[in-house]
Amino acid sequence: MNLTVFGATGGIGQEIVRQALSGGHRVTAVVRDPARLSVTGDGLEVFRADLTDPRPLRPAVAGRDAVLSGLGARSRKDAGVATRLTRTVLGAMEAEGVRRLLVVSAAPVGPEPVGDGLPDRVARRLVSAILRDVYADLRAMEAELDGSATDWTVVRPPRLQDKPLTGAYRTVVGGFPPHGRFISRADVAHAMLAMTGDPATVKQGVGVAY
């Protein structure tokens, strides 16, 4: 496939680029600072952009089979960035008629898992209270997607870890895996690439966790 990756210098974004190239895909990595992209390889195009205007982004998405985004706030002070930057991406995609889009959100934004016990529910609500501004941003981002013309998928992981790819994780379309507390950034990237061609995930939120 011919893919475009936004947020390509982030933890999940770099994993998407690395795994996609290893899988033989062609990848356009959209970055603000090319020096921060450590991934190299045949089939990689680095596209420099600041994501303030959808018009310069149109060549980065034109003719692509899918767009994958790891954009989002890195801390509470960045709340609002996910909605703002995703809106720019949507503008470029809709102008070029590109439909498939996969983005990263977070587990607390989606429905509570069926079967979770009290400790999991309490922990989830505590984290939601601490990061309420970040999650409000992600909810607004998901609303933007829902109102767009794209065939979107929202991937909702729990706490992220910098650990190796395992491929041994659970996914729930429209929900979240019970007692799912962690997942590596590498496995989130793997799940997103696997969902790219899965019609069952179109216009759905998908929980992913160990």
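**A walk through the predicted model**

Nine of the twelve residues of helix H1 are buried, so H1 is largely enclosed by the rest of the structure. Buried means under 20% relative accessible area, with exposed over 50% and partly exposed in between, for a 1.4 Å probe and protein chains only. This is a predicted model, in which local features need pLDDT of at least 70 and side-chain atom pairs count only at pLDDT 80 or more, while totals for chains, interfaces and linings use all residues. Residues are numbered from 1 along each chain as its sequence is written, and side-chain values use heavy atoms, leaving out hydrogens and water.

The buried residues of H1 are Ile12, Gly13, Gln14, Glu15, Ile16, Val17, Gln19, Ala20 and Leu21. Helices (H or I, at least four residues) and strands (E, at least two) are DSSP runs, numbered from the N terminus. H1 covers residues 11-22, and at 1.5 Å a residue its twelve residues should span 16 Å; the end C-alpha atoms are 17 Å apart, which agrees. The expected span is 1.5 Å times one less than the number of residues. After H1 comes Gly24, whose phi is positive, near 90 degrees.

Next comes strand S2 (residues 26-31), where Val31 is found. Val31 has 3% relative accessibility and therefore counts as buried. Leaving aside neighbours within four places in sequence, Val31 is in contact (heavy atoms within 4.5 Å) with Ala8, Thr9, Val46, Phe47, Arg48 and Ala49. Asp50 is 19 residues from Val31 along the chain, and their C-alpha atoms are separated by 7.4 Å.

Two other helices can be taken as a pair. The axes of H3 (residues 81-96) and H5 (residues 132-146) come within 7 Å and cross at roughly 20 degrees. Axes here are lines fitted to C-alpha atoms, for helices over the stretch in contact, and angles run from 0 to 180 degrees between N-to-C directions. H3 and H5 are therefore roughly parallel to each other, a label for angles under 35 degrees. On the H3 side, the contact is made by Val81, Ala82, Thr83, Thr86, Arg87 and Leu90, and on the H5 side by Asp137, Leu138, Ala140, Met141, Glu144 and Leu145.

The last stop is Asp151, in strand S6 (residues 151-156). Not counting residues up to four places away in sequence, Asp151 touches Arg99, Arg100, Leu101, Val202 and Lys203. Gly167 is 16 residues from Asp151 in sequence, and the two are 25 Å apart in space, C-alpha to C-alpha.

Definitions and conventions. Parallel < 35°, antiparallel > 145°, perpendicular 65-115°, else oblique.
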